[in-house]
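This briefing concerns the structure displayed below.

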Amino acid sequence: MGDVVGLVRTHSSGEDIKEAVGKVLDLIDFKPKEPIRSVDIKVNLCYYWHASTGYTTDPRIVGGIIDCLRERYGKDIRFRIVEADGTAMRTKYAFLMLGYEELAKRKNVELFNLSQDEIREEKVCVNGREIAFQIPQSLLKSDLFINVPKLKIMRETKITCALKNIYGCIAYPRKIIYHSILNEAIVGINKILRPNLTIVDGIVALGRCPIKLCLIMASKDAFSIDWIASQIMGFNPSKVKFLKIAIKEKLGNLSGIEIRGEEDIDFFRRLFPKENFFSSKTWWTLQFRALTLYKKISGDILPPFLERN
Amino acid sequence: MNVGVIGLGHMGMLHLMNCRHIDGVKVTAAADTSKAALKRAESFGVKNLFTDYHDLLNGYPKVNAVIISLPNFLHFESVKSALESGIDVFVEKPLAVSVKEGREIAKLVEKSGRKLMVGHCMRFIEAAEKLKAALDEGRIGDLEVVTLEQILNGPFAHGAVPTPVPEWWFDPQKTGGGVLLDLGYHMIDLFRFFVGEESKVLFSWFEHKFNLPMEDGAILVLKSCKSNVRGIINVGWFQKSVFPEYNFRMILHGCAGYISSDNLVPKNIYLHAIKEGAKNILRKIIGKKIEPLSYSYYYEAYYKELRQFFDCIKWDCDTPVSAVDGLKTLEIIEEAYQNFDKNHAYGGFG
């Protein structure tokens, strides 16, 4: 079953984020099983790019979530902000550079690198293909697992939001090994790790350029979020490959998806800087293919940082 | 001429590839701690491979020159060892991580009689050469102000194949400084290149947007000591760079007018690449030498600087960027850091 997706507008200055988070949780009737002792918040820190680029989760929204939950469910909740190392990104530096160390001190919460967790390999079958993942075990133990993705486009998968952010929980840093089966891998990891709540950071969203969309979305169902998010980003969700696979694999269901709050998603769709040819995967692939071919014919040099070996 | 390449990261590999297009130069040896990097060098026909660069310096067949592309903190020791072994040196910028080290290198160069060139590649960008020529021809009258800007992702740039940023970039003891020693070093050198006289620091300001122990944003105001030309330098590591865009500009303001690199660099980098690429293919077809990296505009400077280094060895003349040039740049950087610290200590700024 799909679920309710709440949409709330906030201010780009971040002053009213806590209130906006509270409002969006009310819209989706979020009532967690109490008592809540531990909360894990999975952010998206894909690389050392500032939140204003639209690539990484804004620490202000994480601060707003912590404040809101403490106010509602108790000051003693133990929070962890979690992320795993990426192929090029090291979590310890991302936490430092993107303002999370400062946030952790201010809010008295823990920063945790999932790549250093107790790891167990788990296998799932997606589209008839078996995929193995290294799963950080502590994620399965928290009372509340919150996914805080970005709203952004991605050349490889068209969109990246709730389901793709869970892919970032894979403990093995060289996630590039999954890139040839990225759509299946996104669905596969979501079969194992199921967040209780997704709150999307759309304060600054990322299309072909960043945009202050000032949007916060939430749902208890990650698939429902992605279905709506892809429409905001100008894509037909039924043409987003991993969403199609998710339906086939019964990870997502269209029935029951309902928008509450800012129901006019056309308003956000009009603002969103949609993908064009020059921000598409086709253009990038063409550029690199042309360069490689030119190198082969002429015997010229391709600077090593542009090589795709 | 037998050449050794020490350090096979992106820059070292680029230099190695460039050498293959320079007549009379053969890379016979390479050193790196990474076995994968050495294997890569071997695929380019490099026969003698070492995991310790000292073995390269003392190895056989003896190399006439080395290209050093090691992390900043290893420049001093490796340059010193090469000069003491009687080998000419091309060292990536910065010359060293401190004025003290830079001075010692300059002394060693003088004592050894060997050639040393520092990789101040920005001087070799066509736009910089054109600006300098226009200035020398008097087209803008007396030079009054030079504005230099370079804002990129620096060491945090995301390559086509994602690889982690080397750990040493996060350690200020190993980098020797932040963006000022990285991109600012080039801009200071360009100021010196245009003005051609001693300069001092009027103002320096540093920012830490990414909470790193070294600065990721720097603004500097310089003044030349004789003709009072002011230099405004603005550098940063804070911007997500998108290939093939290159956020770099130079403006020379004179009494008779101004010239900007924005008017000299290709308006459309894609058209430029197609045009230059086609020329190279044609050269290849008719059996002429290609002009390496001309399609990329900015990267061509790396080839040009290296070619000049080998020409200087061949013709026994002074290198266009000497150890003293590297040292003078380091002196300005150290002065800028001290200036900022002093003003902070006295509560002058911030």
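What is the order of the six strands in the open sheet of chain B? The order is β8-β9-β10-β7-β11-β12, and the pairing is mixed. The structure is a predicted model, in which local features need pLDDT of at least 70 and side-chain atom pairs count only at pLDDT 80 or more, whereas totals for chains, interfaces and linings use all residues. Residues are numbered from 1 along each chain as its sequence is written, chains are lettered from A and ligands numbered from 1 in the order in which they are written, and side-chain values use heavy atoms, with hydrogens and water left out.

**The six-stranded sheet of chain B**

- Helices (H or I, at least four residues) and strands (E, at least two) are DSSP runs numbered from the N terminus, and two strands pair if DSSP finds at least two bridges between them.
- The edges of the sheet are β8 (199-207) and β12 (258-260) of chain B; each has a single partner strand, so one side of each is left without a neighbour in the sheet.
- On average, and with direction ignored, neighbouring strands of this sheet are turned by 10° against each other. Axes are lines fitted to C-alpha atoms, for helices over the stretch in contact, and angles run from 0 to 180 degrees between N-to-C directions.
- Strand β11 (residues 248-254) of chain B pairs with β12(B) in the antiparallel sense over three bridges, and B:Ile251 stands opposite B:Ser260 in β12(B).
- Helix α6 (residues 126-136) of chain B packs on the sheet and touches β7 (143-151), β11 and β12 of chain B; contact means heavy atoms within 4.5 Å. The direction of α6(B) makes about 5° with that of β11(B).
- Helix α8 (residues 179-195) of chain B also packs on the sheet, where it touches β7, β8, β9 (217-224), β10 (230-236) and β11 of chain B. The direction of α8(B) makes about 155° with that of β7(B).

**Nonpolar cores and a buried helix**

- A nonpolar core is a set of buried Ala, Val, Leu, Ile, Met, Phe, Trp, Tyr and Cys residues joined through side-chain atoms within 4.5 Å. Buried means under 20% relative accessible area, exposed over 50%, and partly exposed in between (1.4 Å probe, protein chains only).
- The largest nonpolar core has 169 residues, of which B:Leu116, B:Phe194 and B:Phe310 touch the most other members. Helix α8(B) gives the most to this core, with 12 residues.
- Not counting residues up to four places away in sequence, B:Phe310 touches B:Met1, B:Val3, B:Cys19, B:Ile22, B:Val25, B:Ala65 and B:Ile67.
- A second, separate core of 56 residues includes A:Leu7, A:Val126, A:Leu151 and A:Leu215.
- Helix α7 (residues 222-232) of chain A has 10 of its 11 residues buried, so it is largely enclosed by the rest of the structure. Among these buried residues are A:Phe223, A:Asp226 and A:Trp227.
- Just after α7(A), A:Gly234 takes a positive phi of about 85°.

**Domains of chain B**

- Chain B is divided into domain 1 (2-122) and domain 2 (123-266 + 330-345); these bounds come from an automatic or database domain assignment.
- The centres of domain 1 and domain 2 of chain B, taken over C-alpha atoms, are 25 Å apart. In chain B, 18 residues of domain 1 are in contact with 22 residues of domain 2.

**Cysteines**

- A search of the whole structure finds zero disulfides over all chains, a disulfide being a pair of cysteine sulfur atoms within 2.5 Å.
- A:Cys46 is in no disulfide, and the nearest cysteine sulfur, that of A:Cys161, is 13 Å away. A:Cys46 is partly exposed, at 31% relative accessible area.
- The closest cysteine sulfur to that of B:Cys225 belongs to B:Cys255, at 19 Å, too far for a bond. B:Cys225 is partly exposed, at 46% relative accessibility.

**Backbone geometry**

- A:Glu34 and A:Pro35 are joined by a cis peptide bond with omega of about 0°; A:Pro35 is in the loop between α1 (17-27) and β2 (38-42) of chain A.
- B:Lys93 and B:Pro94 are joined by a cis peptide bond with omega of about -5°; B:Pro94 is in the loop between β5 (88-92) and α5 (99-112) of chain B.
- A:Cys214, although not a glycine, has a positive phi of about 55°. A:Cys214 is found in strand β11 (residues 210-219) of chain A and is buried at 10% relative accessibility.
- B:Asp316, although not a glycine, has a positive phi of about 50°. B:Asp316 is in the loop between α10 (300-315) and α11 (323-345) of chain B and is exposed, at 59% relative accessible area.
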